[in-house]
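Trainee: I would like a close look at one part of this model. Please take me through it step by step.

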2 protein chains.
Amino acid sequence: MATFAEYVEANRERFLEELKDFTSQPSVAAQAWGMQEMADKVMARLSKLGAKTRLIPVEDGFPVVYGEIGDGPKTLLIYDHYDVQPPEPLELWTSPPWEPEIRDGKFYARGVADNKSDLLLRIQAIESWLATEGELPLKIKWVLEGEEEIGSPNLGKFVADNRELVQGADGCLWEFGAKDAHENPMLICGLKGIIYIELHAHGANRDLHSGAASIVENPAWRLVWALATLKNERDEITIDGYSEFVRPPNELELEAASKIPFDTNLELAKFGVKEFINGVRDFEAIKKLYFTPTVTICGLHSGYTGPGGKTVLPNHAFVKLDFRLVPEQTPEKVIELLRKHLDARGFTDIQIERTEAGEHVARSPLDSNIVQAAKAAARATYGREAVVYPTAAGSGPMYELCQQLGIPAVSAGAGYPDSRGHAPNENIRVADYFEGITFIRELIRNFARN
Amino acid sequence: MATFAEYVEANRERFLEELKDFTSQPSVAAQAWGMQEMADKVMARLSKLGAKTRLIPVEDGFPVVYGEIGDGPKTLLIYDHYDVQPPEPLELWTSPPWEPEIRDGKFYARGVADNKSDLLLRIQAIESWLATEGELPLKIKWVLEGEEEIGSPNLGKFVADNRELVQGADGCLWEFGAKDAHENPMLICGLKGIIYIELHAHGANRDLHSGAASIVENPAWRLVWALATLKNERDEITIDGYSEFVRPPNELELEAASKIPFDTNLELAKFGVKEFINGVRDFEAIKKLYFTPTVTICGLHSGYTGPGGKTVLPNHAFVKLDFRLVPEQTPEKVIELLRKHLDARGFTDIQIERTEAGEHVARSPLDSNIVQAAKAAARATYGREAVVYPTAAGSGPMYELCQQLGIPAVSAGAGYPDSRGHAPNENIRVADYFEGITFIRELIRNFARN
């Protein structure tokens, strides 16, 4: 009987062909493009593995592919998504986004890094286990959604409606991951929460000649004044009561963060800035990046913004704001505090428009089994310690599927710093792909054992 | 020999045909459309009158039509412009903008109100004078420019290069004017100055994922904070030293302003607002409108402003600001104070972009001959007192041509409140046009006499 490694080697070309098949199928949720076809492909691949599968419809959305295989005292939940980002701008791709191509050891295609390679290699790793090691020592459940790239608007409802499928899992392997610039494998154990809103200010019943500005209120000024009360130049969020809901990192999280490599000068050069906010460097920068909440002006508009001058008094101004949240903040609390804060300062005219539910903060205990198993798996696979991130700086629907049900989660995957997720020439390194398959074997082994 | 009134009546149809000829000729400076053709028409009409004319070229611009006629101890300067606003949006015109049409006693065409009717009726009034009253009792000089609607970028240079043509005039009849909502003729004796600038803030070398917002500065926040230091919620301009250069209105100006009709509730309803800034009403509103400087956010932009959410940390933000000036402010002083103000608060990163020279404040003494003559002419023409505005709330190049050379100016014309200058369905009332011809006769008579 072949070893796991021999089996993978013997099936190397087929595994890559399967990845080509997955990535040549467009599946753009934002454009409702190829979604059913992709869900069918994923269903078929899981069935071929021998998993029990179900296509669970989502009202006004794209279905969840659910799968189960194996048995044992432990249950590992796997979360991936079969939708990808839109491919535009097309002209910046060296090879077309839906025509996968391997060049210089890199596999180029839209969605290969985010998240089709991890979705598929996890299945191929289990196939290789079954072919070489026999029965699985645990139960594996898949939740493969089709709406991650549009903000997972229905994942919360899916969990509410299908709680029995998910609850009781002992740990979750989350969708994404990469090696860092030093080739260290990264393990991400949480995500910031997020709430995205718009603030609107309205003035006269139409845009006016700016000669009227001495007596008719300008909503752009109202918005500027209101915004200036939300955050100060020391980057402190000054919304009344905001800091009361911020739990600082615990000792395990701080210790993990202290091991995150961060070359301040390199990072400054990468962003093209002279210094970071408040001049933070090294560990101070890491703590600020991962453990502090943010409020970001993502978009701002009022009046005439074309070429040349137009002396107009606008009648409307708006801002798009995202709030990135840390424990114990919630989207609901942010909206509540913001409304009170604005009202207390006379900005009752500033409207808050909330178009998305937002996402809750997700943090997994760093001493949980899934995190420990992932660390051991990384050590066995890559021969070095993984860098453990208590949280990413970004957000995602991890809480809805995992922490909400008491399931700790860790994210790890086959990307690298130049994978260009969401951008033209998205790619992974082929060698990382096959190391990723080994990592899954080690994760199963270690997680089942603990 | 016919009287003036009989002559005008006998030539009524021809006068309107000439106005149709003028307004059927596009002359859009912003689109460099029909400018030479229009200048030629104006030259021909002045020549037909018997004036000495010159077409004075403007480097990288449209020529000034200069004319002279008559003689006497006094010289009256007439300023008009033969360029008009672009006609767009075309679909909102009832009759096409370049196909003049009289409906219900109103003459519709692009540019008829601003400013071809006044340009032409002043010539026709002088023709009527010559045909019925004999020699002119004064000298008349015309400066008819082709760039008013694009901000008169070359008028200052024209004056500097042709000072001998203009200086020594005893008064100037400025281009525009209208009856107010109560059918009172309005006389405008000044204009606010203006300086239009952009402020730019720059961040990282590209737009970033907003996860980076805890450490990478957001130029949109920088701009918001900088703007919030320029004006407060009581509408006070808080730029260091700004108020020191504001001369309050004198007694004559205040007395004139006290006679400006202003129905607060009607004005509030017109703009669709519940109250004016600081709750001002009646005379307080008039004083605020005409005698206080403003700084207006005309346009504001950063990041993503399309539909839906995009979690982006923008790398650029800008604002378009206009400052309306009152005596003794100047465009140069505003820029100087603003730069110092921003620097003093650490906003050395905020760039000031000045793309236009700006316009100086213009005020004519209310007891000057030209203002007094216009008041008498209005009384004789309309049988009622004119409303004398020490200044308009808007701006224009009056200072460059007049006050700079010590020439007092007054603006009066054939418009009415629904003339829709700069907008679709621009129009004047035909009756106002012919009253305007009478007003010119009375102005010449009274101005020559004083």
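How far apart do the C-alpha centres of domain 1 of chain A and domain 2 of chain A lie? After that, please go through the open sheet of three strands in chain B.

Mentor: Keep in mind that this is a predicted model. The two C-alpha centres lie 38 Å apart. The domain assignment of chain A gives each domain two segments: 4–191 + 361–449 for domain 1, and 193–246 + 292–354 for domain 2. Along its principal axes, the C-alpha trace of chain A spans about 85 × 45 × 45 Å. Chain A holds 14 helices and 19 strands. Its radius of gyration is 24 Å, close to the 22 Å from the globule rule for 450 residues, so chain A is as compact as a globular protein of that length. Buried residues account for 52% of chain A.

Now the sheet in chain B. Its three strands come in the order 4-5-19, and the pairing is antiparallel. Strand 4 (101–103) and strand 19 (427–429) of chain B are the edges. Each has a single partner strand, so one side of each has no neighbour in the sheet. From one strand to the next, the twist averages 25°.

Look at strand 5 of chain B, residues 106–108. Three bridges join it to strand 19 of chain B, and the two run antiparallel. Within this pair, Tyr108(B) stands opposite Asn427(B). Next comes a helix. Helix 4 of chain B, residues 112–132, lies across strand 5 and strand 19. Helix 4 runs at about 50° to strand 19 of chain B.

Key. Residues are numbered from 1 along each chain as its sequence is written. Chains are lettered from A and ligands numbered from 1 in the order in which they are written. This is a predicted model: local features need pLDDT of at least 70, side-chain atom pairs count only at pLDDT 80 or more; totals for chains, interfaces and linings use all residues. Two strands pair if DSSP finds at least two bridges between them. Helices (H or I, at least four residues) and strands (E, at least two) are DSSP runs, numbered from the N terminus. Axes are lines fitted to C-alpha atoms, for helices over the stretch in contact, and angles run from 0 to 180 degrees between N-to-C directions. Two residues are in contact if their C-beta atoms, placed from the backbone, lie within 7 Å. Domain bounds come from an automatic or database domain assignment. The radius of gyration is taken over C-alpha atoms; the globule rule is 2.2 Å times the number of residues to the power 0.38. A residue is buried if 20 or more other C-beta atoms lie within 10 Å of its own, exposed if 12 or fewer, and partly exposed in between; C-beta atoms are placed from the backbone.
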